[in-house]
Amino acid sequence: MKLRYLVPLVLFLVLAGFLAVGLQRNPREVPSPLVNKRAPEFSLPRLEDPSLQHGVAQMKGKVWVANFFASWCVPCLAEHPLVTELSRSVTVVGINYKDKREDATRWLARNGNSYAMVLVDREGKVGLDYGVYGVPESYVIDKDGVIRYKQIGPITPQALQEVLLPLLKKLDA
Amino acid sequence: MRSAAAALVLALAAGTSLAQQARPLADDPALEAQVLAIAEHLRCLVCQNETIAASRADLANDLRDQIRAQLKEGRSEAQIKQYMVDRYGDFVLYTPPVRPTTWLLWAGPFILLLAMIGWLVRLLRSRGHEASAAPLADAELERARVLLGEASEADVPAGAATGPGGGAKAKTGGKASAERRS
């Protein structure tokens, strides 16, 4: 009989629990439906030489990271040293998103270019296929061409150490 | 000086006319209406409280272009929505689809409503039970009638009249005994 009086307390605790979990999530991070799906095919011109094209098919058998960046994007500049660090353990392909060729070239000359290759997505069409809704975004793609992880927003030191590097180690094995 | 001012006016005029031409819209207003009708049901991922139809974000612009191009190719609304869901997940849809993970979302309000109605019915029933468990005695009923002014004091049977009087006496008696004790 006395238990009846505990009902409001229990209801309150359940509600508080839901709110506590909800408040710790980042509403800006929309989970991508592309994770664990095949990476959308593309063929893009290279930044250094537009006559050369490069696509997903050529990366087969390799673990690689597609990093969408732009010279006009401030968080890209912030994550750039971490991209450089990441490029020491994996092939990182830069995809220059909705940018001018000259701007991108100058930006890379000033900030360092550790990309294995830079491809140009002038219209953002490839970005659309990958569900990019803001730069920077990075996709880890495995040897079979399947997207295994999507980093939304800049790579943080924490994301690099706790998620990206362990995942790359696992995929390489 | 005057020519400089004229040049400035001309430059501004040219600027505004350019600004008006900048937005690429379909030539066909019917198609444009269709584009907006679809875009109204899709969430802009950059400014999440806006629809793709309402948002001025770059991405929303691109996605509107995408809807326009796909409609021109003759694709259906369902196909276009699927295209968006394939890239951005169910989150782009303002109306979430009904599936096991969203059952609670869809049914929740109704479950809550039914539970509240059930609780209310139970409460009302138990209350009715309490009231009928203690029916008024004839004497009490008579006294209630007197208090409500429906019957005169004279009509009240003698037994009922002693009720309150006796009670008052008992009270004063009690008081007296209390005084005596002190």
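Me: Which residues does Gln48(B) touch, not counting residues up to four places away in sequence?
Reply: This is a predicted model, in which local features need pLDDT of at least 70, side-chain atom pairs count only at pLDDT 80 or more, and totals for chains, interfaces and linings use all residues. Residues are numbered from 1 along each chain as its sequence is written, while chains are lettered from A and ligands numbered from 1 in the order in which they are written. Two residues are in contact if their C-beta atoms, placed from the backbone, lie within 7 Å. On that basis Gln48(B) touches Pro27(A) and Arg43(B).

Me: Why does Gln48(B) count as partly exposed?
Reply: Gln48(B) sits in the loop between α2 (29-39) and α3 of chain B. A residue is buried if 20 or more other C-beta atoms lie within 10 Å of its own, exposed if 12 or fewer, and partly exposed in between, with C-beta atoms placed from the backbone. Gln48(B) counts as partly exposed because its C-beta neighbours inside 10 Å number 13.

Me: Which residues have the most contacts inside the largest nonpolar core?
Reply: A nonpolar core is a set of buried Ala, Val, Leu, Ile, Met, Phe, Trp, Tyr and Cys residues joined through C-beta atoms within 7 Å. The largest one has 53 residues. Beyond four places in sequence, Ala66(A) touches Val93(A), Ile95(A), Ser138(A), Tyr139(A) and Ile141(A). The residues with the most contacts inside the core are Ala66(A) and Tyr139(A).

Me: What share of the residues counts as buried in chain A, and what share in chain B?
Reply: Chain A has 5 helices and 7 strands, whereas chain B has 7 helices and 0 strands. Of the 182 residues of chain B, the buried share is 12%. Of the 173 residues of chain A, it is 32%.

Me: Where in α5(A) does the kink lie?
Reply: Helix α5 (residues 157-172) of chain A has 16 residues and reaches 21 Å from its first C-alpha to its last. The bend at a residue is the angle between axes fitted to the seven residues ending there and the seven starting there. The kink is about 30° and comes shortly before the proline Pro166(A), at Leu164(A).

Me: Which helix has the lowest mean pLDDT among the elements of chain B?
Reply: pLDDT is the predictor's confidence in each residue, from 0 to 100, and its mean over chain B is 76. The highest element mean in chain B is 93, for α4(B). Over residues 160-182 of chain B, pLDDT stays under 50, and the model has 6 contacts beyond four places in sequence for them. The lowest mean, 46, belongs to helix α7 (residues 158-181) of chain B.

Definitions and conventions:
Helices (H or I, at least four residues) and strands (E, at least two) are DSSP runs, numbered from the N terminus. The expected span of a helix is 1.5 Å times one less than its number of residues.
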